[in-house]
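Visitor: I would like to learn how to read side-chain contacts in a protein model. Please show me the model, and then we can go through them.

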Amino acid sequence: MNLELLNSNKSFGGWHKQYRHDSSVLKCSMRFAIFLPPITSDGAKVPVLYWLSGLTCSDENFMQKAGAFRAAAELGIAIVAPDTSPRGENVADDPDGAYDLGLGAGFYVNATQAPWAEHYQMYDYVLQELPELIEQYFPVTAQRSISGHSMGGHGALMLALKNPERYRSVSAFSPIANPVNCPWGQKAFKAYLGENRDTWQAFDASELMAQGGSLPALVDQGEADDFLTEQLKPESLTAAADKSGYPLTLRLQPGYDHSYYFIASFIADHLQFHAQYLQHENDQSV
């Protein structure tokens, strides 16, 4: 494994580290960041929260702006933040340079359409390749939870609902909750997955939640979010949970928008939520 350390910063007694590696799934070089809490310095292995970021973001947005390290250090949880798409000179991008398709906008699906299918296999990368790397090279257990924001909230919910055996819990901020019925999702799914809308539903959190499940789920949505009505559609998640009896907690937060000011305000809540379900090494109490 070609794992290259790019940056390292001590924070709240733990370490934020940024790496580059060659991805066989995405067929390009990828970057990710990891926060390791102080307890790992004593040889302990800790559970992991995977964080998926939104459109135009990279691993850096969450790590620099969310203010998550204090709570993660206290709770003994590692955080891993991958990039939001494959990147590189040979990786396809929107020819018009649109922010909502191509680089920075992988939507966490496995693309089936040209030219995207060659590299845009973000579903497999987040689900399999990246956790295998993290669990091989870092002091972590196989206990995983997943969270994300906006496009990343869609990714976190979708991945967890499709693979509940892989995660202990899931949460999201301002997720694109019903991508088959919003402009961002329709544009991306048509490009990556093709014209057949039946195939889109397998990557839609609301469609998946309507089928049932029991993985603990927390969603926060700001009521002052400019994208609330047209793009995010949290009411579709509520309707799906009501239909199937899914144990969803969805909180509407008055006055909050789509920004990292919102995420920073409630990230400690989300870490504490996940900590209820994540086991530390030698801890069987959860």
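Visitor: How many salt bridges does the structure hold?

Guide: This is a predicted model. The structure holds 10 salt bridges. One of them joins D59 and R31, with the closest N and O atoms 2.7 Å apart. D59 belongs to helix α1 (residues 59–65) and R31 to strand β3 (residues 28–36), so the bridge ties together parts 28 residues apart in sequence.

Visitor: Is D59 buried or exposed?

Guide: Buried means under 20% relative accessible area. D59 has a relative accessible area of 0%, so D59 is buried. R31 has 25% and is therefore partly exposed.

Visitor: Which residue meets R87 in a salt bridge?

Guide: D83 does, at 2.5 Å from N to O. D83 is buried because its relative accessible area is 4%. R87, at 30%, counts as partly exposed.

Visitor: Where do the partners D220 and R251 lie in the chain?

Guide: D220 and R251 form a salt bridge, their closest N and O atoms being 2.8 Å apart. D220 is in strand β8 and R251 in strand β9 (residues 248–253), 31 residues apart. D220 is buried at 0% relative accessible area. R251 is partly exposed at 26%. Elsewhere, salt bridges that share partners join R31, D59 and E60 into one network.

Visitor: What describes a pair of aromatic rings?

Guide: Two things do: the distance of the centres and the angle of the planes. The structure holds 18 aromatic pairs. Among them is W116 with Y192, an edge-to-face pair at 5.3 Å centre to centre and 80° between the planes. W116 sits in the loop between β5 (78–82) and α3 (122–137), while Y192 is in helix α5 (residues 183–193), 76 residues apart. Both W116 and Y192 are buried.

Visitor: Why is the pair of W184 and F227 tilted?

Guide: Planes under 30 degrees apart count as stacked, over 60 as edge-to-face and the rest as tilted. The planes of W184 and F227 stand at 45°, so the pair is tilted, with ring centres 4.8 Å apart. W184 lies in helix α5 and F227 in the loop between β8 (217–222) and α8 (228–232), 43 residues apart. W184 is buried at 5% relative accessible area, whereas F227 is partly exposed at 30%.

Visitor: Which residues form one aromatic cluster?

Guide: W51, F62, F173, Y256, F262 and F266 do.

Visitor: Which ring does the charged end of K17 sit over?

Guide: The ring of W15, 5.9 Å from its centre. The charged end of K162 sits over the ring of F203, at 5.2 Å from its centre.

Methods. Residues are numbered from 1 along each chain as its sequence is written. This is a predicted model: local features need pLDDT of at least 70, side-chain atom pairs count only at pLDDT 80 or more; totals for chains, interfaces and linings use all residues. Side-chain values use heavy atoms; hydrogens and water are left out. Rings of Phe, Tyr and Trp (its six-membered ring) pair if their centres lie within 6.5 Å; planes under 30 degrees apart count as stacked, over 60 as edge-to-face and the rest as tilted. Helices (H or I, at least four residues) and strands (E, at least two) are DSSP runs, numbered from the N terminus. Buried means under 20% relative accessible area, exposed over 50%, partly exposed in between (1.4 Å probe, protein chains only). A charge sits over a ring if NZ of Lys or CZ of Arg is within 6 Å of the ring centre and within 35 degrees of the ring normal. A salt bridge is a side-chain nitrogen of Lys or Arg within 4 Å of a carboxyl oxygen of Asp or Glu.
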